[in-house]
Amino acid sequence: MDKQQLSLAKSARQRCNEWIFRDVPSDITIEVNGGTFALHKFPLVSRSGRIRKLVAEHRDSDISRVELLNLPGGADSFELAAKFCYGINFEITSSNVAQLCCVSDYLEMTEEFSKDNLGSRAEEYIDSIVCKNLEMCVEVLQQCEKLLPLADELKIVNRCIDAIASKACAEQIASSFSRLEYSSSGRLHMNRQAKCEGDWWIEDLSVLRIDLYQRVMTAMKCRGVRPESIAASLVSYAQKELTKKSSIWNSSGQTKVDLTSGSTANERVVVETIVSLLPIEKLVVPITFLFGLLRSAVMLDCSIACRLDLERRIGSQLDVATLDDLLIPSFRHAGDTLFDVDTVQRILVNFSQQDASDDDLDDASVFESDSPRSPSQTALFKVAKLVDNYLAEIAPDANLKLSKFMAIAESLPAHARTIHDGLYRAIDIYLKAHQALSETDRKKLSKLIDFQKLSQEAGAHAAQNERLPLQSIVQVLYFEQLRLRNALCNSYADDDPKPMHQSWRISSGALSATMSPRDNYASLRRENRELKLELARLRMRLNDLEKEHVCMKRDMARSHSRKFLNSFSKKIGKLSFFAHSSSRGSSSPSRHSYRTDSKVIERTCASTD
């Protein structure tokens with residue numbers, strides 16, 4: 001027997017001497033978990049069915065010593081039960097009622113052996129007192145952690161969990177009613193800015209063990225507690241259970257967590273359980289908290305299903321993430337990258353698939369919409385900027401392979417980036433940090449950049465960038481020349497306005513560069529209709545020319561006189577081909593307008609085919 005058991009036995013004997021009958025010698029000794037109690041048979045057998053059976057079985061040998069193995073609650077619980085047998089008054093509270101229920105069941109202190117026995121008293125206290133108070137229910141559940149599975153078999157846990165869920169739901173409903181108010185128009189509405197006072201129970205539940213906490217959260221979901229309240233409770237519980245063990249990194253920057261230790265195993269269970277309890281509603285759980293869980297899941301080597309679930313949730317709201325969120329440290333061997341690039345790539349894949357699934361749900365009539373962009377397009381723009389900043393942050397890593405860098409850059413569709421300045425900056429940083437790249441790899445990287453989407457400053461920098469392949473520099477110079485020519489043409493727009501179909505085509509082309517394929521389709525259809533009308537007008541003018549040409553040939557065959565020349569000059573004046581050009585602000589058809597008309601015809605024919 002160790003020192004702790006000896007101390008426990010000594011204290012138990014001292015407490016027993018304070019309330020036991022001193023004038024009557026004891027005739028039975030009870031041993032409970034190292035504690036010894038010198039008692040009397042009659043008070044015990046009158047209340048306890050178990051002790052009565054033990055004494056009856058050894059009636060001939062006159063048993064004087066009984067050892068009670070695995071008694072729930074230990075010596076403290078038995079002492080309370082013995083006091084009850086002796087008629088000694090003590091107070092039943094939320095801190096001992098669970099022990100009393102379990103020890104009364106173990107000792108068979110039921111109504112069968114005595115009226116108003118300990119079991120019925122404890123059950124009455126739970127039903128009439130504990131289940132009507134949420135804090136008491138939480139305290140009883142804490143006591144039940146050491147009394148499982150017997151406390152579960154006696155329905156103590158279920159009753160407390162149901163009471164907590166019901167109480168939280170009722171508090172939430174009452175709080176919602178308190179926030180109802182009438183607007184200036186006389187309508188009843190919910191004041192969203194008022195503080196919700198129905199979630200005061202969140203801090204109370206964070207003291208529970210993870211298995212009981214999971215059961216409480218599941219019951220609350222079934223009762224209809226708000227997802228926002230569930231999420232707030234999960235955040236509070238995770239902060240209490242995970243951040244208090246903050247010894248994650250040592251000074252060298254490498255993880256020093258022992259994945260086989262008991263504390264780490266418990267943290268792994270906590271993370272996996274919290275992930276399984278997350279509400280399915282979007283934007284209810286803060287994305288910073290989701291990234292924190294993901295870091296913990298990677299560090300603690302949680303299950304693949306847990307990590308994939310977190311990556312899917314993060315991908316569904318990636319447009320509200322920040323660069324710091326994406327910088328997930330790598331917890332692998334020293335030769336790997338500084339940041340976990342593979343996890344970020346899977347998150348981007350989830351985002352792209354989610355965006356594509358949203359597009360698939362849209363009706364075909366959406367393609368006829370005149371709106372320049374959809375909400376998903378706005379999210380794409382935000383994520384594209386975020387990805388470019390992330391690429392620039394991880395580009396200096398010497399261990400970052402080209403395939404991984406390109407996989408991150410190509411994870412978004414082409415129309416996600418309206419300007420390629422950020423992508424060009426990230427690629428330039430990567431080329432500067434990886435100067436040993438071959439010419440083929442440099443060309444692969446350069447193909448990711450649409451040099452037509454570079455700003456004037458970025459284009460000027462790229463034209464002088466020696467790290468880019470020669471072919472890319474030529475493309476930059478070519479597009480810079482086109483931009484300069486367009487700028488010169490636009491400078492004469494007031495003096496020589498373009499034809500309506502030409503100016504519309506230029507503006508439409510600029511718009512289509514910043515639109516998704518869904519919206520671009522509607523724009524192209526409008527452009528196609530305009531070009532068809534223009535083609536019809538050109539055909540009518542061509543028919544007029546052919547008719548005039550037939551008339552001229554007929555007149556030339558009839559006469560070669562001066563009269564025919566006069567007639568020929570009059571007919572030339574009636575031709576409408578140059579009249580259209582003059583009516584549009586030009587006295588004669590220029591070469592520029594002729595090239596424009598021919599391009600319009602070629603483009604229209606191609607789109608019609």
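Residues are numbered from 1 along each chain as its sequence is written, and side-chain values use heavy atoms, with hydrogens and water left out. Because the model is predicted, local features need pLDDT of at least 70 and side-chain atom pairs count only at pLDDT 80 or more, whereas totals for chains, interfaces and linings use all residues.

The protein chain contains 28 helices and five strands; these elements are DSSP runs, helices being H or I with at least four residues and strands E with at least two, numbered from the N terminus. Of the 609 residues in the protein chain, 41% are buried. Buried denotes under 20% relative accessible area, exposed denotes over 50%, and partly exposed lies in between, with a 1.4 Å probe and protein chains only. The accessible surface of the protein chain is about 34,100 Å², and carbon and sulfur atoms contribute 53% of that surface. Among contacts (heavy atoms within 4.5 Å) in the protein chain with a separation of 6 or more, 69% link residues 24 or more positions apart.

Two helix pairs were examined. Helix 5 (residues 97-106) packs with helix 6 (residues 118-128) at an angle of about 145°, and their axes are 9 Å apart. Axes are lines fitted to C-alpha atoms, for helices over the stretch in contact, and angles run from 0 to 180 degrees between N-to-C directions. The crossing of helix 5 and helix 6 is left-handed, a term used if the near helix is turned anticlockwise from the far one by less than a right angle, with clockwise giving right-handed. On the helix 5 side, the contact involves Val97, Leu100, Cys101, Val103 and Ser104, and on the helix 6 side Leu118, Gly119, Ala122, Glu123, Tyr125 and Ile126. By class, the contact of helix 5 with helix 6 comprises eight nonpolar, two polar and one charged residue. In this division, Ala, Val, Leu, Ile, Met, Phe, Trp, Tyr, Cys and Pro count as nonpolar, Asp, Glu, Lys and Arg as charged, and the others, Gly among them, as polar.

In the second pair, helix 12 (residues 227-242) and helix 14 (residues 287-299) have axes 11 Å apart and an angle of about 40°. Their crossing is likewise left-handed. Helix 12 contributes Leu234, Val235, Ala238 and Leu242 to the contact, and helix 14 contributes Phe289, Leu293 and Ser296. Six nonpolar residues and one polar residue make up the contact of helix 12 with helix 14, with no charged residues.

Zero disulfides (pairs of cysteine sulfur atoms within 2.5 Å) were found in a search of the whole structure. The cysteine sulfur closest to that of Cys101 is in Cys102 at 6.7 Å, which is too far for a bond. Cys101 is buried, with a relative accessible area of 3%. For Cys306, the closest cysteine sulfur belongs to Cys302 and lies 4.8 Å away, again too far for a bond. Cys306 is also buried, at 5% relative accessible area.

Several backbone features were noted. Most residues other than glycine have a negative phi, and most peptide bonds are trans. Asn70, which is not a glycine, has a positive phi of about 55°. Asn70 is placed in the loop between strand 3 (65-68) and helix 4 (74-85), and its relative accessibility of 69% makes it exposed. Asp301 likewise has a positive phi, near 60°. Asp301 occupies the loop between helix 14 and helix 15 (304-316) and is partly exposed, at 44% relative accessible area. The peptide bond from Leu148 to Pro149 is cis, with omega near 5°. Pro149 belongs to the loop between helix 7 (134-144) and helix 8 (150-153).

Two alanines complete the description. Ala151 lies in helix 8 and is buried, with a relative accessible area of 0%. Leaving aside neighbours within four places in sequence, Ala151 is in contact with Cys102, Cys144, Ile156 and Val157. Ala151 and Gln99 are 52 residues apart in sequence, and their C-alpha atoms are 8.6 Å apart in space. Ala56 lies in helix 3 (residues 49-57) and is partly exposed, at 39% relative accessibility. Ala56 and Val45 are separated by eleven residues in sequence and by 9.6 Å in space, C-alpha to C-alpha.

Note on methods
Areas by Shrake-Rupley, 256 points an atom, 1.4 Å probe, with all protein chains shown as cover.
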